[in-house]
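Subject: Structure for you to look through

Dear colleague,

Please find the structure below, with the sequence beside it.

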Amino acid sequence: MNVKTALILLVLALATIFALVCVLLTRGRAPSTCQYQPLEQEDTDDGQSLVFADLTPEEMVQVVRYLQGNLGVQLVDASRAKPSDNCIASVDLQVPAKAEVLRFLDGGGARPPREALAVLYFGNQPDPNVTEYVVGPLPMPTYHWDVTMQKYRGKVPYHRRPVTGKEYMDINALIQQELRKAPRFLATCCESDGTDLAILTTAPRGFKSGDRATWFVLFHSVAGTGYYLLPVGLEVLVEHRDLRVSHWQLRQVFYNGRYFASMGVLEEAFVASLLEVVRIPKPQAEAVLGSMRPQRPPSSPGPLQYEPQGPRYSIRGNRVTFQGWSIAFGMNPNSGPRLFDIRYRGERIVYELSLQEALALYGSNCPGGMLTRYLDGSFGIGRFAYELVRGLDCPYTATYVDRHYLAESEAPKTNQNSLCIFEHDAALPLRRHFSDSQSLYYGGLRKNTLVIRAISTLINYDYIWDFMFHGSGAVEVRVHATGYISSSFLHGQGTDYGNRVGPHTLGTMHLHHIHYKVDLDVDGQLNSLETQDMAYKIMKEPWSMQNTIERLYLRRKRLEREDEAAFLLNTPMPRYLSFASPNPNKWGHPRSYRIQINSFAGEHLPASSPMERSISWGRYQLAVTRRKEEEPTSTSIYNQNDPWTPTVAFADFINNETITNEDLVAWISVGFLHVPHAEDVPNTVTVGNGVGFFLRPYNYFNEDPSVDSPDSIYFSSEQDAGACGANPLACLPPAAACAPHLPPFRYGGFLNLSLALPPGGL
């Protein structure tokens, strides 16, 4: 062996020893930290999307100051206002007219003045009423005008106003006063003096316009768990229409299938042994029905989604951009999430995509359950979108955004981190193909989606609102229901209305109907509605004429009028229905976006119901109308407390106008029938309880636009699939070997809440 060979062997030996030492030293060490940079949000946006931005707390404060100094009446803070007082109920953004906005966005016109919409309750007037004012310009208002007559073609009567927290507190005081009239009954039935019972509101509040009488359902309440599964069988009817709180009365009492004129009469029946009492011991925290406390110790952490090099989306003010998508986002305190100016590759697809209403309609053999038709917008879908829990409600590394609102107070409130934005790896190919003939190759694309999410907790139910943006140019809208079911006391033939889920608890059947507004602008504002579906035609074989075949063909139709485009709930509708532009794509077909609905809604309220017109949007799974500035929403917060004379009746929007080459709006209803069962305890799970719709490009492009995605994968049999240059997936192991730099877990969602909650609830 010569010296040169010996040196080579020595170098190799030293290199081997060094490598082994490195392996031994690094074994068991924590992975290195990724170069993860959390997304920094811009505080202001000088761009065009500001025209849709929610009001800032500073703007709300200025509106309140202006109203206090310029209306000429005394205003009481709504948090302590009596029905006989004047107060500011809410302040929100007044979205400018679409024509003004488009002149600004597309035509180089002036920016529309920024304005607020203020809702005031005038109880201290000869003619008490609800009045809406437009106030502007912001940030320093100098004018206001009454828009109530213009919006609603009449005044809004005072009895239609939503119930405030202060009104609930006064009702609670009355109920507690009345419960003290039946001490022996309460001690026997419920081991209670009444002060520890939870009180749940129902709605509507009567049977005719002008009524304001509400059934309240009483439950056992145990700290740290939902009371909604613990009814005690007692329900009370409170009359609270009079503007003088001292004139309110408890009108009727229901217990275990029987009705009584008052708590005193109920107590007399109990003392005389004329009342069958079901003794329900006060539940203990460690064994209470519906407890969400963990029953097992924590296990090892599950899979974690993270971005190895930080977020690939960008947020500036109220606009988020991601791989060709651009969306302006916001939150209406009543109706919830709303998106504007949704563009893909610079072209506007949707001008407005907004939640309108969520209806929950119950059945029961108890009064509170049998009459309940909750219109959640009246309670505040956006207002009750609270802080999201990092790592559970949204991915740990999602971007969390604060939302501000002013309702029932003269000071703005903040629901911090109440909206999240993240890129989601669906663990599913968006598209793929493995070729095993002619040539051998693999091509595909991961299904990565931008998600904008908020979750509204409407007392017992939690609604998860998702807006998802796909690389194929599709928009997906989805809602999941979770949280607690609402229940009735089980008595008589209760199981005709649901399933027994506890010793004395009936899980009451109910419908969830959700309504959306979709103002599509497909390749411009002028669109038509086209349908396509399959059909068979029986014909002779062209090549022999001796046999017949059933030839499948495509049946096309253009719908000309609104009445044709109003598809009743649970009736057949064309499988393909599209908003079509007059302009063709490269292949000669109209550039279009298809509406595809995923729903299993229950039956709509019968047309004979005196309150059906107030929820007449629920008649239709889809209705397409001409867009009108005077028809901005399908419902009103005033419909809940006067559904018999609705302030807004959606059915009036459909009047058979032409819908060919017009600015059109799609109104979409989705929902499901829920018959609660044992597995809904403690909570309804999201699995199987999600509905929604897609807006999918249909000949809008000349090919799938995701072909341009930088995430595309392709390699052939002649390439080294493990080489980074040929396959980006091969580069993931080094990146995946690092750990993300995670922000610390914090949660402040309880900071602006009081334990003395009003007896409200859904």
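**Salt bridges**

At a relative accessible area of 13%, Asp533 counts as buried (buried means under 20% relative accessible area, exposed over 50% and partly exposed in between, with a 1.4 Å probe and protein chains only). Before going further, please keep in mind that this is a predicted model, in which local features need pLDDT of at least 70 and side-chain atom pairs count only at pLDDT 80 or more, while totals for chains, interfaces and linings use all residues. Residues are numbered from 1 along each chain as its sequence is written, and side-chain values use heavy atoms, with hydrogens and water left out.

The side chain of Asp533 meets that of Arg575 in a salt bridge, at 2.8 Å from N to O (a salt bridge is a side-chain nitrogen of Lys or Arg within 4 Å of a carboxyl oxygen of Asp or Glu). Asp533 lies in strand 26 (residues 528–540) and Arg575 in the loop between strand 28 (566–568) and strand 29 (576–584), so the pair ties together parts that are 42 residues apart in sequence. Helices (H or I, at least four residues) and strands (E, at least two) are DSSP runs, numbered from the N terminus.

Glu267 is buried, at a relative accessible area of 6%. A salt bridge also brings together the side chains of Glu423 and Arg312, at 2.6 Å from N to O, and here Glu423 is in strand 18 (residues 413–437) while Arg312 is in the loop between helix 7 and strand 11 (314–316), 111 residues apart. Glu423 is buried at 8% relative accessibility, whereas Arg312 is partly exposed at 38%.

**Aromatic rings**

How many aromatic pairs does a search of the whole structure find? The search finds 34, where rings of Phe, Tyr and Trp (its six-membered ring) pair if their centres lie within 6.5 Å, and planes under 30 degrees apart count as stacked, over 60 as edge-to-face and the rest as tilted. The ring centres of Phe185 and Tyr255 are 4.9 Å apart and their planes stand at 85 degrees, so this pair is edge-to-face. Since Phe185 lies in helix 6 (residues 183–190) and Tyr255 in strand 9 (residues 249–255), the pair ties together parts that are 70 residues apart in sequence, and both residues are buried. One aromatic cluster is formed by Trp325, Tyr344, Phe469, Tyr593, Tyr700 and Phe701.

The charged end of Arg161 sits over the ring of Tyr158, 4.0 Å from its centre (a charge sits over a ring if NZ of Lys or CZ of Arg is within 6 Å of the ring centre and within 35 degrees of the ring normal). Likewise, Arg594 lies over the face of Tyr576, at 3.6 Å from the ring centre.

Best wishes
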